[in-house]
Structure formats: C-alpha cells, structure tokens
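Notebook open, model loaded. I'm jotting things down in the order I looked them up.

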Amino acid sequence: MQICNKCNQISPDSEPNCISCGANLSEYSEFAISRKKLIENSRVTAIRISVSKSACPTCRQIEGVYTKQNLPTLPVEGCSNPNGCKCHYAPILDEIFP
Ligand SMILES: [Zn+2]
Ligand SMILES: [Zn+2]
C-alpha cells in the first residue's frame, strides 16, 4: 500500500496517483519521500531494502544493500502480497568509530 504524503490516504500499490487527492505517488508517497530524504542525506552512504518475514518471493529477491545510484523504487514492481508491498528503506550511515 502507498500512503499519500499530501492527504494521508492509502492507495493500492498499482495506482500511479493518489486515489483520494490525485497527487503523483512517484513523488508524494511515503516511499518516494523517504527515498528522496535518504538520497539527499550526506551521512547516508548506502541504503538497505528490508523486507518483512511474510514478504513475497519478488520482494525477497530485492532485499539487500544498494547505493544511492542503483536504489530500486518501492513498492516493489510485481509484488504479490495481497496486502501490498511491505518493504521499506533503511539507511546505512557513515558512522565514525573511535
Ligand atoms: Zn492524496
Ligand atoms: Zn512483495
């Protein structure tokens, strides 16, 4: 499911635009917003796509660590979870250890 950042309504993964306010979900979904924030954050060196334990095989295949340049977009295309894609982005930070 995609959550619209403009009106907080939920649209199915297959919808390109919010079914409530018509916002472009490739730009205004929670997925798109968090993706953009992570890419813009200079402390983030890489991004992991985490999948839930109940994720479908398509999502399991996409799980892993990506650079900002090759980070796939969420929801996962072809996700077969009936409740919608549950993947999320997790930042990998450039920590400096003493
Ligand atoms: Zn909306
Ligand atoms: Zn899936």
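Started with the zinc ion (ligand 2). This is a predicted model, so I'm treating every value here as computed. I asked which protein atoms hold ligand 2. I found Cys 56 (SG), Cys 59 (SG) and Cys 79 (SG), at 2.1 to 2.4 Å from the zinc ion. Water is not among the atoms, so a site may look incomplete; I'm leaving it at that.

Next I checked the spacing of those donors along the chain, and it reads C-x2-C-x19-C. Cys 56 and Cys 79 link distant parts of the chain, 23 residues apart. I placed Cys 56 in the loop between β3 (44-50) and α3 (57-62), and Cys 79 in the loop between β4 (64-66) and β5 (88-93).

Is Cys 56 buried or exposed? It comes out at 7% relative accessibility, and the cut-off for buried is under 20%, so Cys 56 counts as buried.

β3, β4 and β5 make an open sheet in the order β4-β3-β5, with antiparallel pairing. The edges are β4 and β5, each pairing on one side only. From one strand to the next I get an average twist of 35 degrees.

Zoomed in on β3 and β4: they run antiparallel and are joined by 3 bridges. I also looked up Ile 49, whose bridge partner in β4 is Gly 64.

Then over to the other metal, the zinc ion (ligand 1). Its protein donors are Cys 4 (SG), Cys 7 (SG), Cys 18 (SG) and Cys 21 (SG), lying 2.2 to 2.3 Å away. What geometry do the 4 donor atoms give? I noted tetrahedral, with angles of 105 to 116 degrees among them. Spacing in sequence for ligand 1 is C-x2-C-x10-C-x2-C.

I wanted to know which parts Cys 7 and Cys 21 tie together. Cys 7 sits in the loop between β1 (2-3) and β2 (10-11), and Cys 21 in the loop between β2 and α1 (25-28), so the pair joins parts that are 14 residues apart in sequence.

Accessibility for that pair: Cys 7 has a relative accessible area of 23%, which makes it partly exposed. Cys 21 is at 40% and also counts as partly exposed.

Last, the rings. I looked for aromatic pairs and got 0 in the structure. I did find Lys 6 over the face of Tyr 28, at 4.2 Å from the ring centre.

Note on methods: Residues numbered from 1 in each chain as written. Chains lettered and ligands numbered in written order. Predicted model: local features only at pLDDT ≥ 70, side-chain atom pairs only at ≥ 80, totals over all residues. Heavy atoms only, no water. Donors = N, O, S within 2.8 Å, 3.2 Å for Na, K, Ca; no water. Tetrahedral: all angles 85-135°; square planar, octahedral: opposite > 155°, others 65-115°. Helix = DSSP H or I, 4+ residues; strand = E, 2+ residues; numbered from the N terminus. Buried < 20%, exposed > 50% of the residue type's maximum accessible area, 1.4 Å probe, protein only. Phe/Tyr/Trp six-rings, centres within 6.5 Å; stacked < 30°, edge-to-face > 60°. Lys NZ or Arg CZ within 6 Å of the ring centre and 35° of its normal. Pairing = 2+ DSSP bridges. Axes fitted to C-alpha atoms, helices over the stretch in contact; angles between N-to-C directions.
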